[in-house]
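Please read them with the structure open.

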Amino acid sequence: MSEAFQATKIADKVYWVGAIDWDLRDFHGYLTSRGSTYNAYLVLAEKPVLIDTVKAPFFDQMMSRIASVIEPGEIEYIVSNHAEMDHSGCLPRAIEAIQPEQVYASRMGQRALAAHFHLDRESVSVVGDGDTLDLGDLSLAFVETRMCHWPDSMVSYLPEREILFSQDAFGMHLASCERFVDEIDPSIIDYETAKYFANILLHLSPFIDKALTKVEELDLPLKMVAPDHGPIWRTQDGIQQIVGNYARWSAQEPTRKAVVVCDSMWGSTVKMAQVIADGLAEGGLQVALMNMTACHRSDVITELLDAGALVVGSATMNNNMLPAVADVMMYIRGLKPRNLVAASFGSFGWSGEASKHLHAALTDMEYQMVTDPLRINYVPDGEALNQCREFGLQLAAATIGACEG
Ligand code: FEO
């Protein structure tokens, strides 16, 4: 086994043995501009345990890092905190290479792993809330965190080192050679953690809230939070900040910020959007104007994470909204940002269905609809642009009202 890739020691007898995916740019529809890591952890207790594995193509990298500190066959246990294939993809090969005494997962994890890899259910042992794995000189406790990110999700806690192995929670898609959050530019950490939450966990906010409460009630001392993606949290300030951010993002309290999303055929709807944005700003809101010819859906949902208003515009084409707007609307619907004031607008030629369809969709998504769609025939003139400005002012007033309400 090559030892070209080395393990990184993160605490006494605890190593990072994951993989860095510098090339990842698409995580089922989420633009991962900075790549990612798939984190696996090795605890060199008397009975060594591997916590999670990596995406299938990175098996050799993980095994190389393991081999730099231990003969892989000496690992006694593998724990699968999360069955999604970025963490379990190479599990069957790892089981074959390591021949562990036991593989552990939650009840739902057992089912998911069996269904993914056509394993006998009995080949995976079930652990759950309150269970502890005796590692000889160390131990590992388990807490189920269903739907953070999948039904099988659980976290593992190493009490002797006060390390929480948190699987997807508190992670980010960020490839780096640095293994700790405090070694990386804080503005990058802030952006990538928010983008990760918005694109992966936002629709699961009620479950995140429940999991945070559950872990808080256990009152576990935390020296380190080690997620399955991106760098590790090891400062008290950092841990408090990310836990606080998760609580805030889950609550989704409205703010004085509007996101204007649009696409145009010949520029009229974008011109409307620009004047609406000016009206929103004049009315007291921070504004992000996102033309879908230039912006990615995953950046739109990131902006919506701390917004109070969503304003969507599309020209009408073939009796419908433009494809790029339909794409982002479907993405927003799935990730379910809440507590938004909303409205639609658009230029049209003869029938003008797009803004009506958008209004219906936004209503169906249970947003606070402030006004009828603003529809302008063909190219907006001065009077039409004044209407756009008034539309922006009206939406800003409603958003401030929602923030204060
Ligand atoms: Fe990183 Fe839900 O997998």
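**Notes on the predicted model**

1. E282 is partly exposed, with a relative accessible area of 49%. This is a predicted model, and the remarks below should be read with that in mind. The side chain of E282 meets that of R389 in a salt bridge, with 2.7 Å from N to O. The two partners sit in distant parts of the chain: E282 belongs to helix 8 (residues 268-282) and R389 to helix 12 (residues 382-404), 107 residues apart. R389 is partly exposed as well, at a relative accessible area of 31%.

2. Some overall figures. The chain has 405 residues, and 57% of them count as buried. Its secondary structure amounts to twelve helices and 24 strands. The C-alpha trace spans about 75 × 40 × 35 Å along its principal axes. Among contacts with a separation of 6 or more, 73% are between residues 24 or more positions apart.

3. How many residues take part on each side of the domain contact? There are 15 residues of domain 1 in contact with 14 residues of domain 2. Nine residue pairs are in polar contact between the domains. Three elements of domain 1 each supply at least two residues of the side that touches domain 2: strand 5 (30-31), helix 5 (186-201) and helix 7 (236-251). Helix 5 gives the most to that side, with six residues. By class, this side of domain 1 has nine nonpolar, five polar and one charged residues.

4. One salt bridge is found across the interface of domain 1 and domain 2. K195 and D299 form a salt bridge in which the closest N and O atoms are 3.0 Å apart. K195 is in helix 5 and D299 in helix 9 (residues 297-304), so the pair links distant parts of the chain, 104 residues apart. Is K195 buried or exposed? K195 counts as buried, because its relative accessibility is 2% and the cut-off for buried is under 20%.

5. The structure holds 15 salt bridges. Another of them joins D129 and K214, whose closest N and O atoms are 2.7 Å apart. D129 is in the loop between strand 11 (125-126) and strand 12 (132-134), while K214 is in helix 6 (residues 205-218), so this pair ties together parts that are 85 residues apart in sequence. Both ends are partly exposed: D129 has a relative accessible area of 42%, and K214 has one of 29%.

6. S250 is worth a look in the viewer. This residue is found in helix 7. Why does S250 count as buried? The relative accessibility of S250 is 3%, and buried means under 20%, so S250 falls in that class. Apart from its neighbours within four places in sequence, S250 is in contact with F197, S205, I208, D209 and R338.

7. Most residues other than glycine have a negative phi. F170 is not a glycine, yet it has a positive phi of about 70 degrees. F170 lies in the loop between strand 15 (163-167) and helix 5, and it is buried, with a relative accessible area of 9%.

8. E366 lies in the loop between helix 11 (354-364) and strand 23 (368-369). Which side of the exposure scale does E366 fall on, buried or exposed? E366 is exposed, because its relative accessible area is 72% and the cut-off for exposed is over 50%. F170, by contrast, is buried.

Note on methods. Residues are numbered from 1 along each chain as its sequence is written. This is a predicted model: local features need pLDDT of at least 70, side-chain atom pairs count only at pLDDT 80 or more; totals for chains, interfaces and linings use all residues. Side-chain values use heavy atoms; hydrogens and water are left out. Contact means heavy atoms within 4.5 Å. A salt bridge is a side-chain nitrogen of Lys or Arg within 4 Å of a carboxyl oxygen of Asp or Glu. A polar contact is a pair of N or O atoms within 3.5 Å; within protein, one must be able to donate a hydrogen and the other to accept it, and residues adjacent in sequence count only if both atoms are side-chain atoms. Helices (H or I, at least four residues) and strands (E, at least two) are DSSP runs, numbered from the N terminus. Ala, Val, Leu, Ile, Met, Phe, Trp, Tyr, Cys and Pro count as nonpolar, Asp, Glu, Lys and Arg as charged, and the others, Gly among them, as polar. Buried means under 20% relative accessible area, exposed over 50%, partly exposed in between (1.4 Å probe, protein chains only).
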